[in-house]
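Student: I have a new structure to look at and would like to go through it in order. Can you put it up?

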Amino acid sequence: MALLEIDKLRVGFDTEAGLLVAVDGVSFTIEQGKTLGLVGESGCGKSVTATSILRLVPNPPGRILGGAINFDGIDILKLKREELPKIRGKDVAMIFQDPMTSLNPVFTVEKQMGEVLKLRFGMSREAARKRSTEMLATVGIPDPATRLTTYPHELSGGQKQRVMIAMALLTEPRLLIADEPTTALDVTVQAQILNLIRELQKRTGASVLFITHDMGVVAEMCDEVAVMYAGRIVEEAPIGDTFKRSRHPYTKGLLRSLPQKSHAKKADLPTIEGVVPSLLKPPPYCRFADRCWKRKSLPEALQKKCYTEDPQLRPFKTSLVACHYPLEDTEQ
Amino acid sequence: MNANGSPLLLVEGLKKYYPVRGGVFAAKIGDVRAVDGVSFSVQEGETFGLVGESGCGKSTLGRTIMRLEEPTAGRVFFEGKDLAHASKTELFQLRRDVQAIFQDPYSSLNPRMTVGEIVREPLLVHNIGTKPEQIEKVRALFETVGLTGEMINRYPHEFSGGQRQRIGIARALALDPKLVIADEPVSALDVSVRSQVLNLMVKLQRELDLTYIFISHDLSVVEHVSDSIAIMYLGRIVEIGEADTVFAKPAHPYTRALMEAIPVADPDVHHQSVPVKGEAPSPVSPPPGCPFHPRCPYAIPACREAIPPLEPVAPKNGARREHLAACIRKHEI
């Protein structure tokens, strides 16, 4: 059963130049215990989508323009402000690229973790300390009892990240939203944190929404992948299909531009020429058309459709793809 | 290699310590050993990749080579001239030959100057050519890096990240340098733009006979562009060699851990275990002996006793560059 169901979500930001629609009709579901990767380059709307789930988009200038976010049968967008804490930090927890987004610099680790446990479970100070120590040990903090008495600034980057994850997991959330949680970390520490998220997921059966720009991390962590481009999902598929049988020319282009062992040293890497269209006034046709290598390879008569019709996300073989001319198996 | 066979750049025993102060009188209580005795050479025309995680000293090393930081000890020879002890006037001349490209295209360009002024500035400082000649040169540089001459009157904010990095490259090339030190030049860029900038750097190297020191934490990028590579850990080089050799047969446990830790963009490849535990220790109080031993899966008691020197991994056998690693167990693991 789907734990999270997002339907035609639209999120905009009021700017001096007008309304910028950062997320424009995004739909996806996450099943119990599964990990969905939301990938794309900067500005594609992946983080805005994620923060909308907990209604954390700053308003103003941000506004949810439409759609529905169903979490276990509750439409989060219809909840009253005072009802939000029911969901936040309890059933749904979020971790960020910058751990100081969720850690308070003026309180010790113990105070912050204890507060969560007191509010959620009415735990006594003693019980909370015991539970917090266990959780810090679980996330791989050495000497957890001593660490409890420290302030966030006394911890290294990797340790702050671990403490934030520990706090997010204290309430045993059913959905963990991880927004670029390892982007600021060294690769050896990243490997540890990714492993930690996987192990905890295995144990608690939580679902994970994993937001990243790193295709390597996606391959490592996700069951399914939704690729975003200019505020839309352009392709959604099981992990193997995304990488081995990409259907959207953008997905294929992204994967091809990664330096790989198969590329000769210093040989030209494939690129995606051009720039993302402005989301203030996006074109009424395919948003990727201008940059699309597949379109350029087509006869003129066929290209016309790319410049007149806006492609919708629709089933194609084992994937969903928003392209008039999805890639066949022979084009992989 | 140039005519007399000597390297373009030779770094010998370079150290950069920053004092740590504390107590009532802010007395010196220790040192941050950012760069702790680094030696290597760079041959003309090659790309020398310098790899390591945050805090390993790779950026400080780059800045100390350029004398943007004063070295604590050691020598840096550029075409045989000692940069580390050069006078101000000598340094001014040497700076023409050694230029830098920085990571953040958003903060390394002055927002109040037009991009044309930014690229022209080195020509003004070094008093090269007349004004019309300088402007002509700036236009040509813009074309060289894939921008157009009409763009020179715009301001940095009007450009995307990738375009700004191209402007940073144009500025570095204004004085026709021989050596360009590029510190994480593509780390702030999106994947699709990153490959454009990498392609440009490779093209420019070919066309202008540039030598690069390419500093990055991203092994896949370094592997693609580098002829030689050095891996740094806690202020020291732990492994160095021809890039192909090091990537094919990494000898130091840290190099192996780094390579294993990189997530591969292939869902069929999965990491079974975590390559190393913990994080790099502070360069203020490095552990005794091999700096990597507290995290090393192969560490034995002897690893705590002395800092292992960089020693040959295999006989040179006509290789362009000897493969060296600083590990006493390099032949056993």
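Student: Which hand does the crossing of α2(A) and α3(A) have?

Tutor: The crossing of α2(A) and α3(A) is right-handed, meaning the near helix is turned clockwise from the far one by less than a right angle. Note that this is a predicted model, where local features need pLDDT of at least 70 and side-chain atom pairs count only at pLDDT 80 or more, while totals for chains, interfaces and linings use all residues. Residues are numbered from 1 along each chain as its sequence is written, and chains are lettered from A and ligands numbered from 1 in the order in which they are written.

Student: At what angle do α2 and α3 of chain A pack?

Tutor: About 115 degrees, with the axes of helix α2 (residues 109-121) and helix α3 (residues 125-138) of chain A 9 Å apart. That makes α2(A) roughly perpendicular to α3(A), a label for angles of 65 to 115 degrees. Helices here are DSSP runs (H or I, at least four residues), and strands are too (E, at least two).

Student: Which residues make the contact?

Tutor: From α2(A), A:Glu110, A:Met113, A:Gly114, A:Leu117 and A:Lys118; from α3(A), A:Arg125, A:Ala128, A:Arg129, A:Arg131 and A:Ser132. Contact means C-beta atoms, placed from the backbone, within 7 Å. By type there are 3 nonpolar, 2 polar and 5 charged residues. Ala, Val, Leu, Ile, Met, Phe, Trp, Tyr, Cys and Pro count as nonpolar, Asp, Glu, Lys and Arg as charged, and the others, Gly among them, as polar.

Student: Changing topic, how many residues of chain A are in contact with chain B?

Tutor: 36 residues of chain A, in contact with 31 of chain B. On the chain A side, α6(A) gives the most, with 7 residues. That side divides into 16 nonpolar, 13 polar and 7 charged residues.

Student: What is phi at A:Asp143?

Tutor: A:Asp143 has a positive phi of about 55 degrees, although it is not a glycine.

Student: Is A:Asp143 buried or exposed?

Tutor: A:Asp143 counts as exposed because it has 9 C-beta neighbours inside 10 Å. The cut-offs within 10 Å are 20 or more other C-beta atoms for buried, 12 or fewer for exposed, and in between for partly exposed, with C-beta atoms placed from the backbone.

Conventions:
Contact = placed C-beta atoms within 7 Å. Axes fitted to C-alpha atoms, helices over the stretch in contact; angles between N-to-C directions. Parallel < 35°, antiparallel > 145°, perpendicular 65-115°, else oblique.
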